[in-house]
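Colleague: I would like to learn how to read the features of a model like this. Could you walk me through a few?

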Amino acid sequence: MKSLLQDVLKENQIDSSKIVDITVEKLTDNAKIYELSKTIKDLKSQILQIFTMHKDREEFRESYITIPNANVKKEYNFKFDLSKHPSIVIKEIKNLDGVGLQFDAEKSCIHGTPANANTIEIQIVFFNKNDENLQEDIKTIPFIVNADPKDLWLNKPSPKDSRFPKEDQATFKSTFLDKKIVVASKRGRSHAHEGTFRDDDFLVKDLPGDWAIVAVADGAGSARFARAGSQFATDFIVKNFDDESLLNKLSDAVTVYFSNETKENLNEENEIINEDSNNSENSLNSNSAGDEKIKSKSFIINSLYHNVKNLHSGLSQMATEEGATLKDFHTTLIFTLVKKFDFGYVILSFGVGDCPVNVLNRENSEVKLLNFLDVGESSGATRFITMPEIFGKPDMAERFKINCFEDFSKLFLMTDGIYDPKFVVESKLENLETWKNFLRDLNGENEDKTKVDFVEDSDIENQLSAWMDFWSKGNHDDRTLAVIY
């Protein structure tokens, strides 16, 4: 209290003296002054509280708060961290309804799924909970809702009056031997944005002798009539295997090839491809010396080879008739010719280009790549069925595969529109973990929560088509996926 008296005297310019000091000492215990000093302290405390309250409000108003951007069609949740501003309460946030979001005052969070992209200024209405009047103030912050990248791509229809028109997408489902098959093919975003055609194609057919075939082709985006090349390739190869006599001979050759009577080395490929189709057929029924398995293998591969060679000739003839070059019809091709025998499912496969054929065993514990892939460091590594040089390479025989499986859960044929974003590199095509992730993806564990239901499959072709709308940055090519299950 003495210091209080001294402060009052000083403020009133009363200098210290003997009389003043004696007076101060006598008033130190004065009841009235004591009561007044308490009042003064209370007033100062109140002033300080008011000051602190306003200071806290100004600090919050001037504070830097980073609110993450939201994304259209994606769930958003942001909780304000008010630990540095314990006295501040956010009452509401204005302008959020313009982008389809809400504010939860109890949890101090912005939440919801934005419906449209925009850049706005949100107004944070707040008050200091120590303010008896709860006076409201506003803090303005910029807020961005990013557009869905998919929405930035145009979807122009392809010109139906052009040569070789083709539907922008196609689906198919049916039985396949004693299993089922579903196929979806969809124009890529790059083609949709420019209003050009889908270059992928596919065809599935039941054949005589309990065989079945599925062919998939990917026309080169740089080729003028790639869409026609891929369609011609799938149609031609399926039509040429729709031959009962040939298929009966193939069945006989396969039976011999997988018999247990001889066990010689079957990996010898020397001159296994015979350019003379008649000699190829005669070799099956020949009584000449030589291993029957090798002769059967030779017949099988030559039968596939000659149909592929005839396809190349057919494309050449088509190019001539259309007044175009063979390069204008550049296309890859993969196909599987499948039959169930007493000893298992025999899968005869072929591939040129960068489209894989894979099979998963019955337990999904093993995966096998069933074709040769033309892949490399550059896009120029891709080969096409329209390239004459592929028939002259010593590895041509390696493009044909003969496999037998007691059973399998799924057989996949896909174009690079699926392979590139989902597998990235060739080595992952035989990586079981990558395939397990792919199966989970098909089962709905993906960003879009889109599921392809292989059990309740009444609408499976539309489910697969919808699944193929997945977003993958930089991957906007045509997508085709065939699944035998």
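Predicted model: local features only at pLDDT ≥ 70, side-chain atom pairs only at ≥ 80, totals over all residues.

Colleague: How many bridges join E4 to strand E5?

Modeller: Two strands pair if DSSP finds at least two bridges between them. Here four bridges join E4 to E5 (residues 109-112), and the two run antiparallel. Asp-104 has Cys-109 as its bridge partner in E5, and Phe-103 stands opposite Ile-110. The two strands form a hairpin with four residues between them, and Ser-108 in the turn has a positive phi of about 55°.

Colleague: What is the order of the strands in the open sheet?

Modeller: The order is E2-E5-E4, three strands with antiparallel pairing. Strand E2 (76-79) and E4 stand at the edges with a single partner strand each, so one side of each is left without a neighbour in the sheet. From one strand to the next, the twist averages 20°; for such angles, axes are lines fitted to C-alpha atoms (for helices over the stretch in contact), and values run from 0 to 180 degrees between N-to-C directions.

Colleague: On to charges. How many salt bridges does a search of the whole structure find?

Modeller: The general idea is that side chains of opposite charge can pair when their charged atoms come close. The cut-off for a salt bridge is a side-chain nitrogen of Lys or Arg within 4 Å of a carboxyl oxygen of Asp or Glu. The search finds 29 of them. In one, Lys-74 meets Glu-447, with the closest N and O atoms 3.0 Å apart. This pair links distant parts of the chain, 373 residues apart: Lys-74 is in the loop between strand E1 (70-71) and E2, and Glu-447 in the loop between helix H10 (432-442) and helix H11 (460-467).

Colleague: Is Glu-447 buried or exposed?

Modeller: Glu-447 is exposed, at a relative accessible area of 55%, whereas Lys-74 is partly exposed at 39%. Now take Arg-399 and Asp-374, whose closest N and O atoms are 2.8 Å apart in another salt bridge. Both residues lie in the loop between strand E15 (367-369) and strand E16 (400-405), so the pair ties together parts that are 25 residues apart in sequence. Both Arg-399 and Asp-374 are buried. Salt bridges with shared partners also join Arg-57, Glu-58, Arg-61, Asp-131 and Asp-137 into one network.

Colleague: How do I check a helix, and what span should helix H5 have?

Modeller: The expected span is 1.5 Å times one less than the number of residues. The 16 residues of H5 (residues 226-241) should span 22 Å, and the end C-alpha atoms are 23 Å apart, which agrees. Its buried residues, including Phe-236, Ile-237 and Phe-241, pack against strand E10 (200-207), strand E11 (211-218), helix H6 (244-257), helix H8 (292-321) and strand E12 (333-341). H6 has 14 residues and reaches 20 Å, close to the 20 Å expected. Among the buried residues of H6 are Leu-246, Leu-250 and Tyr-257.

Colleague: Which residues does Glu-461 touch?

Modeller: Contact means heavy atoms within 4.5 Å. Not counting residues up to four places away in sequence, Glu-461 touches Thr-171, Phe-172, Lys-173, Val-182 and Ala-184. Glu-461 is found in helix H11 and counts as buried at 15% relative accessibility.

Colleague: And where does Phe-126 lie?

Modeller: Phe-126 lies in strand E6 (residues 118-128) and is buried, with a relative accessible area of 0%. Leaving aside neighbours within four places in sequence, its contacts include Arg-57, Phe-60, Ile-88 and Ile-138.

Notes
Residues numbered from 1 in each chain as written. Heavy atoms only, no water. Buried < 20%, exposed > 50% of the residue type's maximum accessible area, 1.4 Å probe, protein only.
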